[in-house]
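Hi there,

Here is the structure I promised to pass on.

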Amino acid sequence: MNLTIFSTRPYDREFLERARLAADPGGTHYHFTYLDAGLDLNTAATAAGAQAVCAFVNDRLDAPVLERLHQLGVRLVVLRCAGFNQVDLAAAARLGLQVGRVPEYSPHAVAEHTVALLLTLNRKIHRAHARVREGNFALDGLLGFDLHGRTVGVVGTGKIGECFARILGPGFGCRLLGLDPQPNPACEAMGMRYVASLAELLAASDVVSLHCPLTPQTKHLIDAAAMAGMKRGAVLLNTSRGAVVDAGAAIAALKTGQLGGLGLDVYEEEGSLFFRDLSAEALQDDVFARLLTFPNVLITGHQGFFTADALSAIADTTMANLQSFERTGRPLHPVP
Ligand code: NAI
């Protein structure tokens with residue numbers, strides 16, 4: 001079986017090769033072609049001869065790309081991620097293209113990274129580290145607050161939200177508020193109180209963390225009105241999908257001090273930035289550039305998932321999706 005794999009970096013190849021050789025020790029059945037390039041209408045042709053393609057979060061899987069892949073003979077798309085907002089599922093269904101994903105690789109990886117953003121922002125570790133290296137041991141400007149006893153609002157209490165809540169609630173001693181159309185009994189068991197509306201959660205939380213998927217309902221869920229309804233000086237964390245937060249509105253709220261801190265691992269326009277080294281080029285995104293100027297904004301480039309454990313699980317599940325498709329015509333974890 002031939003698989004063309006888009007948007008790969010050396011670390012992806014290392015873990016996928018390990019999984020491929022575990023499934024096919026002779027190396028005769030699965031033929032993987034690794035590409036640096038992302039998948040879009042210009043690069044889709046490189047999948048010629050493949051029965052399946054493997055794509056990542058910022059690859060483009062809209063109707064024209066899916067149609068092109070289908071014309072080339074591709075019958076399966078396997079995503080190396082949990083989210084599938086980048087796929088036109090109606091077009092895939094119309095074409096009879098199967099889509100598989102990795103529903104869970106390590107919710108701990110993303111939850112722990114979210115906590116790292118929070119602790120770094122609150123205790124200004126990024127600034128303290130730079131100061132100490134310069135021989136500046138002054139504490140002015142580094143004042144934080146105890147997380148113990150503070151209220152943390154979790155929007156989306158699925159697998160990652162639950163892991164995050166466990167660290168902050170039972171771990172740090174925070175009060176937990178939750179918002180989710182499907183409350184999670186494990187979160188209730190750890191003392192989370194579900195609220196009826198986003199407004200109620202925002203008004204009561206010192207820290208708000210977003211762990212919901214990107215859907216038409218959650219696009220710009222945190223917009224100017226939502227930020228105005230937050231506690232003044234509260235910290236907002238987004239490790240879900242960039243477009244859940246209106247970045248322009250966040251800039252306005254940061255300028256007035258309404259938003260006390262912003263920790264992002266995702267950004268609405270990250271497709272033209274993340275996962276590559278652009279350090280020698282002029283930054284073209286003025287909103288992103290403005291965000292970087294705030295001392296109380298911390299941004300990482302979509303690395304929440306980036307642990308050895310998660311990469312290994314992603315590679316194993318990708319192999320399992322391929323094997324299941326060959327046996328049954330369906331990936332093990334189909335979308336939808
Ligand atoms: P999940 O499916 O286990 O949980 C998502 C939860 O959000 C569900 O309980 C769902 O009911 C809830 N939800 C849906 N719509 C909502 C709304 N309008 N308001 C509040 N809650 C809502 O997903 P999981 O695995 O916990 O992932 C959460 C998100 O994290 C993913 O959708 C993905 O976008 C993001 N993610 C980010 C990664 C990173 O590297 N930064 C890696 C993996 C996932």
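**Around the ligand**

A backbone N or O atom of Phe 305 lies 3.1 Å from an oxygen atom of the ligand, which is a polar contact (a pair of N or O atoms within 3.5 Å; within protein, one must be able to donate a hydrogen and the other to accept it, and residues adjacent in sequence count only if both atoms are side-chain atoms). Before going further, please note that this is a predicted model, where local features need pLDDT of at least 70, side-chain atom pairs count only at pLDDT 80 or more, and totals for chains, interfaces and linings use all residues. Residues are numbered from 1 along each chain as its sequence is written, and side-chain values use heavy atoms, with hydrogens and water left out.

One has a polar backbone atom of Ile 160 at 2.8 Å, and another has an N or O atom in the side chain of Asp 180 at 2.6 Å. Of the ligand's own 860 Å² of accessible area, the protein covers 84% (Shrake-Rupley method, 1.4 Å probe).

Which residues come nearest to the ligand? They are Tyr 105, Lys 159, Ile 160, Asp 180 and Thr 239, out of 22 residues around the ligand (a heavy atom within 4 Å). By class, this shell has 9 nonpolar, 9 polar and 4 charged residues (Ala, Val, Leu, Ile, Met, Phe, Trp, Tyr, Cys and Pro are nonpolar; Asp, Glu, Lys and Arg are charged; the others, Gly among them, are polar).

**Backbone details**

Most residues other than glycine have a negative phi, and most peptide bonds are trans. Ser 7 is not a glycine, yet has a positive phi of about 55°. Ser 7 sits in the loop between strand 1 (2–5) and helix 1 (10–23) (DSSP runs numbered from the N terminus: helices are H or I, at least four residues; strands are E, at least two). With 16% relative accessibility, Ser 7 counts as buried (under 20% relative accessible area, 1.4 Å probe, protein chains only).

Phe 275, also not a glycine, has a positive phi of about 70°, and belongs to the loop between strand 11 (259–264) and helix 11 (286–292).

The peptide bond from Val 335 to Pro 336 is cis, with omega near 5°. Pro 336 lies in the segment after helix 12 (308–328). Within helix 12 is Asn 321, buried at 0% relative accessibility. A polar atom of the Asn 321 side chain is 2.8 Å from the backbone nitrogen of His 333.

Best wishes

How values were computed: Buried < 20%, exposed > 50% of the residue type's maximum accessible area, 1.4 Å probe, protein only.
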